[in-house]
Amino acid sequence: MSPLAVLRSVSRSLNAGRLSSQRRWTGPAARLHTAGCVTTSVHCSEAELGKLRGLERPFERRLCSVYQRFTDVPDHAAFQGSRHAYIVEGCGIFRVAYGEGEQDLVQVLHTDWAAVDGTIQKVRLSPTESVLAATVKNNHCEEARCVLVQLEQLTIPQKPLLILDKVFSFEWATDDVLFYTTQEGLQCRHVFRLHLTDAGAQSMLVYKEKDPEFFVEVSRSKDHRIVTVNCSSKSSSEVWMIDSRSPLSHPTLVQPRQPGLLYHVEHSDSQLYILANTGPGHEYQLLRTPFTSPAMQHWEPTFSPGPGAVIKDMEMLQDHCVFTMREPLGRLQLHTIPLKAPNHVTILQLPSWACAIETQRFGMVDSDTFSFLLSSPVHPPVRYHLSPTRKQPLSQEDDLQHTLLPEYHTTRLQAPSQDGTMVPLTLFHMQPLPDMREAPMLVHVYGAYGLDLNMGFCPEKRLLLDDNWVLAYCHVRGGGECGLAWHSAGRLQFKKKGVEDLSACIQTLFQSGVSRPTLTALTARSAGAVLAGALCNKHPQLLRAVLLQAPFLDVLGTMQDPSLPLTIEERGEWGDPLTDSQHRDNIASYCPCHNITTQLYPSMLITAYSGDSRVPLSGVKNYVERLSKAVQTYSSSLCTKGHIPTILLDLQPGGDHFGPEDFDQSLSESAQQLAFLYTMLELDYKGARQKTTGRRKKKKKTIETLSLTPVDPLFS
C-alpha cells in the first residue's frame with residue numbers, strides 16, 4: 001500500500017473515532033434560546049417555536065448519521081513531499097516516511113503552537129521539504145497566523161521556528177525564502193519576503209498596492225520556477241513575478257494593469273503561459289510568451305474554447321496543459337493539450353452527475369499526472385487520475401462504497417428570463433419530473449462576483465434528497481457558470497437581471513410540474529441574499545420559506561459607507577452611489593432593505609454573526625426591523641384568519657462570515673435550518689417521500705437535459 005493510501009486509511013479511522021466517541025447528544029436542543037445567541041421572532045406562535053425546538057434534536061441525530069455514513073469519502077487532506085507523506089487531521093499535521101514499512105505517524109505541527117483557537121487552513125512545504133509553513137485561522141474571526149516548523153531535524157516535542165501574524169497567502173521560492181501577504185481589515189495590499197539566515201529571520205516589504213480597489217496575493221507556478229504577485233480588482237489585474245533562482249531580486253512586471261484586462265500567469269520550460277480574457281467575447285483563452293519577454297505585445301494565442309464553452313480552471317503538467325471546461329448546460333469536460341503541439345486537443349467527458357471538480361497534484365513536480373475529486377451536492381467525492389500520456393488517460397480510484405447510492409435523477413434544463421436569455425438550472429430529484437408536483441423544493445441561488453454556485457457535496461442535501469425533496473440550483477446572471485460575460489450581464493446596472501433570472505427559474509419549474517409555491521423554499525448566503533431578498537419584495541407569492549445565512553441585505557447603506565473594509569474594493573460589483581447618481585438609483589431600485597412593502601412575505605430564518613466584518617450587522621438588523629413592521633401591518637389588516645409568516649433572526653456570536661468552524665456548532669445550525677423548513681412547509685418530520693413501484697435498483701443515476709419554455713406565465 002502506498003504512503004498516501006496508508007494515510008487515507010488512518011484518516012478514515014480517526015474521523016470515525018472522532019464522530020463516535022467525542023460527540024455527545026445531551027439534553028433537548030433548544031437552539032433558538034441558547035446562551036450566546038439572540039433570536040427575534042415576529043408572529044411566531046408558541047406552537048411553532050415548540051415544534052422547532054422539538055425537531056432540532058432529531059435532525060441533529062439524522063445529520064450525525066448522514067455524516068458518519070460519508071465519513072471516509074476521499075478528500076485532499078493527504079499530500080506528498082519528496083521524502084514523506086503528510087496528512088492534515090484535526091488540529092495537527094502528521095507525516096510518515098516512504099519505504100520504511102509499518103510505522104507510527106509523527107506529528108509535525110499542532111494548532112496550539114499558533115496560540116489561537118484555530119483551524120489549519122493552508123500548508124506549504126519548502127522545495128526540499130526542510131521547512132513546513134501553515135496558516136492557522138482564528139475560529140472567531142478571519143485572521144490567520146502562519147507557523148513555520150523545521151523538518152530536517154525534527155525533535156519531540158516540536159517547537160515552531162517562527163510565527164507570522166495576519167498572513168493571508170504565502171509561497172516558498174527556496175528553502176530559505178518565503179513570500180507572504182498580510183491582511184488588515186479584510187484588505188491585502190502588502191507583500192513581504194522572509195529570508196531565513198543563520199543570523200536569524202529577516203522580513204522585508206517588496207510590494208505595496210496603492211489602489212484600494214485592488215487585492216493582492218501570492219502564488220507559485222506548478223513547476224516552482226516563479227512566484228507571482230497577483231493584484232486584482234473586480235475589472236482588471238496585474239501580475240509581478242519573481243524568479244525562484246534569484247529570489248532576492250526585485251519583482252518583474254508582466255503586463256501593466258489596464259481597464260478590462262484580466263490575466264493569470266503560469267510557467268513551463270522557459271515559457272510563460274497566460275490565461276487572459278482576450279478571447280472571443282472577452283472570455284478566457286491561453287496565450288504564451290518567452291520568459292524573458294513577458295509584456296502583452298509578445299503574447300501569442302495558443303488555445304481558445306469552442307462556442308458556448310468556457311474555461312473554469314487550468315492545470316499545468318510537465319508536458320501538457322489541462323483545462324476544466326463548462327458547457328452551456330453545465331456539463332464538465334477536461335480539454336488536454338500538449339504544450340509542444342497545442343493544436344492537438346483531447347476532450348475527455350466527465351461523468352454526467354459531476355457538478356464540481358477539485359484538483360490537487362500528487363507526486364513530484366515533474367509528474368505528468370494529477371488527481372482530482374468529482375462530486376455533486378448529493379453525490380460524495382470520487383477520486384480520478386488524469387495521465388495524458390497513457391492510452392487510457394482517465395482512471396477512477398477503486399472505491400465503490402459510496403457509488404452504490406439509491407436511485408436519483410440529475411436534470412439540466414434552461415428557463416427563459418424576462419429578456420429571452422436562457423438561464424441554466426440543475427435539479428436533483430428522486431422521482432421523475434411528472435411526479436414532482438407534491439414534492440417540497442429547495443431553491444439555491446448566488447449570482448455575484450462571477451463565482452459559480454457551490455455544487456460540491458453536502459450531506460445535508462443528501463438527507464433532503466432521501467426525503468424526496470427537489471433540489472434546484474439556479475445559475476443566474478452575475479455568477480460565473482457561463483463565463484465572464486455572464487458575470488458582466490448581472491453586475492452594476494444589470495444586477496436586477498439576476499432577480500429576473502431567479503424568478504423565471506422558479507416559475508418555469510412550477511409550470512413544468514415541479515412542486516408549487518406552498519412547498520417551495522429558497523436558500524442563499526452572503527451576497528446571494530441580495531437576489532433572494534429582492535425576489536421576496538417583488539414576487540413573495542413564489543415562496544413559502546426562506547433561509548438566509550450571513551446575508552447582505554442593505555446594499556445601499558453599505559456602499560454609501562466608505563469606512564467599511566470592503567466598500568471601496570467592491571464598487572466594481574455594485575457601483576458607487578456616493579459619486580454616481582445613476583448607481584445610487586439603480587441600487588435603490590432593488591436593495592432588499594429599501595424596497596420592503598406591506599404584503600404577505602414568506603417565512604424567514606435569518607442567521608447572522610455578531611462579529612461579521614464582511615456584512616455589517618446593522619444592515620441585517622435594519623432589514624429585520626423593517627420587515628417585521630411590514631409583516632405586522634399586513635397581519636393587522638387581515639379581515640379573516642390566514643397564513644401569518646414567521647420571521648426569525650438567529651444572531652450567533654463570532655466573527656466568521658463563513659459560519660462556525662466547530663463541527664458540532666455547524667451541525668446544530670444545520671439542524672435548526674432543517675427544522676425550520678419542515679415546520680414552515682408543514683412537512684412530516686420523516687419527510688414526504690413517495691414510495692417507488694417495483695424493486696429499487698442499487699445503482700442508477702439518470703441524467704436529463706431539457707429546455708422548458710413557459711406557455712402561460714403564472715405571475716406577471
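This is a predicted model: local features need pLDDT of at least 70, side-chain atom pairs count only at pLDDT 80 or more; totals for chains, interfaces and linings use all residues.

Mentor: The chain has eleven helices and 38 strands. Of its 716 residues, 56% count as buried. Among contacts with a separation of 6 or more, residues 24 or more positions apart account for 60%.

Start with helix H3, residues 459-466. Eight of its eight residues are buried, so H3 is largely enclosed by the rest of the structure. Buried here means under 20% relative accessible area.

Leaving out residues up to four places away in sequence, Leu502 touches Val443, Val445, Cys474, Val476, Leu522, Leu531 and Leu535.

Now the charged pairs. The structure holds 22 salt bridges. Some of them join into a network, which links Asp419, Arg477, Lys497, Glu500 and Asp501.

Arg145 forms a salt bridge with Asp165, and the closest N and O atoms are 2.6 Å apart. Arg145 sits in strand E8 (residues 144-150), while Asp165 is in the loop between strand E9 (162-164) and strand E10 (167-174). The two residues are 20 residues apart, and the pair links distant parts of the chain. Arg145 has 23% relative accessibility and counts as partly exposed. Asp165 is also partly exposed, at 46%.

Next is Glu315 with Lys222. Their closest N and O atoms are 3.0 Å apart in this salt bridge. Glu315 belongs to strand E22 (residues 310-316), and Lys222 to the loop between strand E14 (215-220) and strand E15 (226-232). That is a link across 93 residues. Is Glu315 buried or exposed? Glu315 is buried, because its relative accessible area is 5%. Lys222, at 29%, counts as partly exposed.

Glu682 lies in the loop between helix H11 (663-680) and strand E38 (701-707). Arg544 lies in the loop between helix H6 (528-538) and strand E35 (545-549). The pair therefore ties together parts that are 138 residues apart in sequence. Glu682 is exposed, at 61% relative accessibility. Arg544 is buried, at 17%.

Thr181 lies in strand E11 (residues 177-184). Its relative accessibility is 0%, so Thr181 counts as buried. Which side chain does the side chain of Thr181 meet in a polar contact? That partner is the side chain of Ser169, at 2.8 Å. Setting aside residues up to four places away in sequence, Thr181 touches Lys166, Val167, Phe168, Ser169, Cys188, His190, Val191, Val216, Glu217 and Val218.

Last, a sheet. Four strands form an open sheet in the order E18-E19-E20-E21, with antiparallel pairing. Strand E18 (263-268) and strand E21 (300-303) stand at the edges. Each has a single partner strand, so one side of each is left without a neighbour in the sheet. The twist averages 35° from one strand to the next. In general, strands of a sheet pair through backbone hydrogen bonds, either parallel or antiparallel. Here, E20 (residues 285-290) and E21 pair in the antiparallel sense over three bridges. Leu287 stands opposite Pro301 in E21.

To return to the helix: H3 is largely enclosed by the rest of the structure, because eight of its eight residues are buried.

Definitions and conventions
Residues are numbered from 1 along each chain as its sequence is written. Side-chain values use heavy atoms; hydrogens and water are left out. Buried means under 20% relative accessible area, exposed over 50%, partly exposed in between (1.4 Å probe, protein chains only). A polar contact is a pair of N or O atoms within 3.5 Å; within protein, one must be able to donate a hydrogen and the other to accept it, and residues adjacent in sequence count only if both atoms are side-chain atoms. Contact means heavy atoms within 4.5 Å. Two strands pair if DSSP finds at least two bridges between them. Axes are lines fitted to C-alpha atoms, for helices over the stretch in contact, and angles run from 0 to 180 degrees between N-to-C directions. A salt bridge is a side-chain nitrogen of Lys or Arg within 4 Å of a carboxyl oxygen of Asp or Glu.
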